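Visitor: Could you walk me through this one? I would like the overall picture before the details.

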Amino acid sequence: MDLSGLREEYGRGGLDLPDLAAEPIEMFERWLRQAVEAGVHEPNAMVVATVSAEGQPSSRMVLLKGFSDEGFVFFTNQASRKGVELAAEPRCALLFPWHPLERQVRVEGTATVLPDEDVTAYFASRPRGSRLGAHASHQSRVVASRDELATAYAEAEAAFPDDVPVPDEWGGYRVRPEVVEFWQGRPGRMHDRLVYHRTGPDLEAWRTERLAP
Ligand SMILES: Cc1cc2nc3c(=O)[nH]c(=O)nc-3n(C[C@H](O)[C@H](O)[C@H](O)COP(=O)(O)O)c2cc1C
């Protein structure tokens, strides 16, 4: 398959420092809303990159389930590969790939484990099938066959005919951003890259800069 000619010329819009909101979360909300309005498929899907104790990076998609000045929230199995890696090295990166808008948002930050009450509240909002699946799947561990998974799911169904409790392994993280980049594709590969960095004595203020594409 020849990929050398496979490229897009970007020209949907531009982004300049005066266009930026004072805070990256406000800017993120603006762009996320535009992604939703544009009909981007799974606009809240983001890539989470973690790093192992040996320095091996890995990445995977998860769904953003909330955001605020405190950071970006997602839910997962804390005994999964990403969970184990975040326990040892909470610094991580997020990426929102909004291709139809010729945009990406990149975040670097530090993950903290969400309090139990947030996890319980979100878990209760999930469909029954997803809650049972969380019990049946010891995420990231080797399974012998699809049958093994099906059996575990059937066992969870039988064990929890009514309420499905939060599995011990299950939880969530909030990634407090340190750096947030807003990227807009431009013609001739002269893309806009505007980046927020934390600054000030208590690191609660933000400075911005433009990077070369
Ligand atoms: C669009 C999309 C959304 C996903 N959302 C989640 C999620 O919110 N939480 C999760 O644990 N896994 C989610 N997954 C599955 C993960 O990509 C991944 O396979 C799983 O979390 C195991 O990753 P790990 O072994 O690196 O820990 C999603 C996958 C896709 C493609």
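**Overall picture**

Guide: The protein chain has an accessible surface of about 12,000 Å², and 52% of that belongs to carbon and sulfur atoms; accessible areas come from the Shrake-Rupley method with a 1.4 Å probe, and for residues only the protein chains shown count as cover. This is a predicted model, in which local features need pLDDT of at least 70 and side-chain atom pairs count only at pLDDT 80 or more, while totals for chains, interfaces and linings use all residues. Residues are numbered from 1 along each chain as its sequence is written, and side-chain values use heavy atoms, with hydrogens and water left out.

Visitor: How many helices and strands does the protein chain have?

Guide: The protein chain has 5 helices and 9 strands, where helices (H or I, at least four residues) and strands (E, at least two) are DSSP runs numbered from the N terminus. Along the sequence they follow the pattern α-β-β-β-β-α-β-β-α-α-α-β-β-β, and the C-alpha trace spans about 55 × 50 × 40 Å along its principal axes.

Visitor: And what share of the residues counts as buried?

Guide: Of the 213 residues in the protein chain, 38% count as buried, with buried meaning under 20% relative accessible area, exposed over 50% and partly exposed in between (1.4 Å probe, protein chains only).

Visitor: Switching to the ligand, which residues surround it?

Guide: The ligand is surrounded by Glu42, Arg60, Met61, Val62, Leu63, Phe75, Thr76, Ser80, Arg81, Lys82, Gln139 and Ser140, a residue being near a molecule or strand if one of its heavy atoms lies within 4 Å of it. These shell residues divide into 4 nonpolar, 4 polar and 4 charged; Ala, Val, Leu, Ile, Met, Phe, Trp, Tyr, Cys and Pro count as nonpolar, Asp, Glu, Lys and Arg as charged, and the others, Gly among them, as polar.

Visitor: Which polar atoms lie by the ligand's oxygen atoms?

Guide: A polar side-chain atom of Arg60 lies 2.7 Å from an oxygen atom of the ligand, a polar backbone atom of Leu63 is 3.0 Å from a ligand oxygen, and a polar side-chain atom of Ser80 lies 3.3 Å from one. On its own the ligand has 620 Å² of accessible area, of which the protein covers 64%.

Visitor: Which elements give two or more residues to that shell?

Guide: Those are strand S2 (57-63), strand S4 (71-77) and helix H2 (81-88), and S2 gives the most, with 4 residues.

Visitor: What about the largest nonpolar core, which residues touch the most other members?

Guide: In that core of 32 residues they are Phe28, Trp98, Val105 and Phe182; a nonpolar core is a set of buried Ala, Val, Leu, Ile, Met, Phe, Trp, Tyr and Cys residues joined through side-chain atoms within 4.5 Å. Helix H1 (24-37) supplies the largest share of this core, 6 residues. Apart from it lies another core, of 11 residues, among them Val119, Tyr122, Leu132 and Val164.

Visitor: Last one: is Asp192 buried or exposed?

Guide: Asp192, in strand S8, counts as buried because its relative accessibility is 4%. Its side chain makes a polar contact with the side chain of Arg210 (2.7 Å), and a polar atom of that Asp192 side chain lies 2.7 Å from the backbone nitrogen of Leu15. A polar contact is a pair of N or O atoms within 3.5 Å; within protein, one must be able to donate a hydrogen and the other to accept it, and residues adjacent in sequence count only if both atoms are side-chain atoms.
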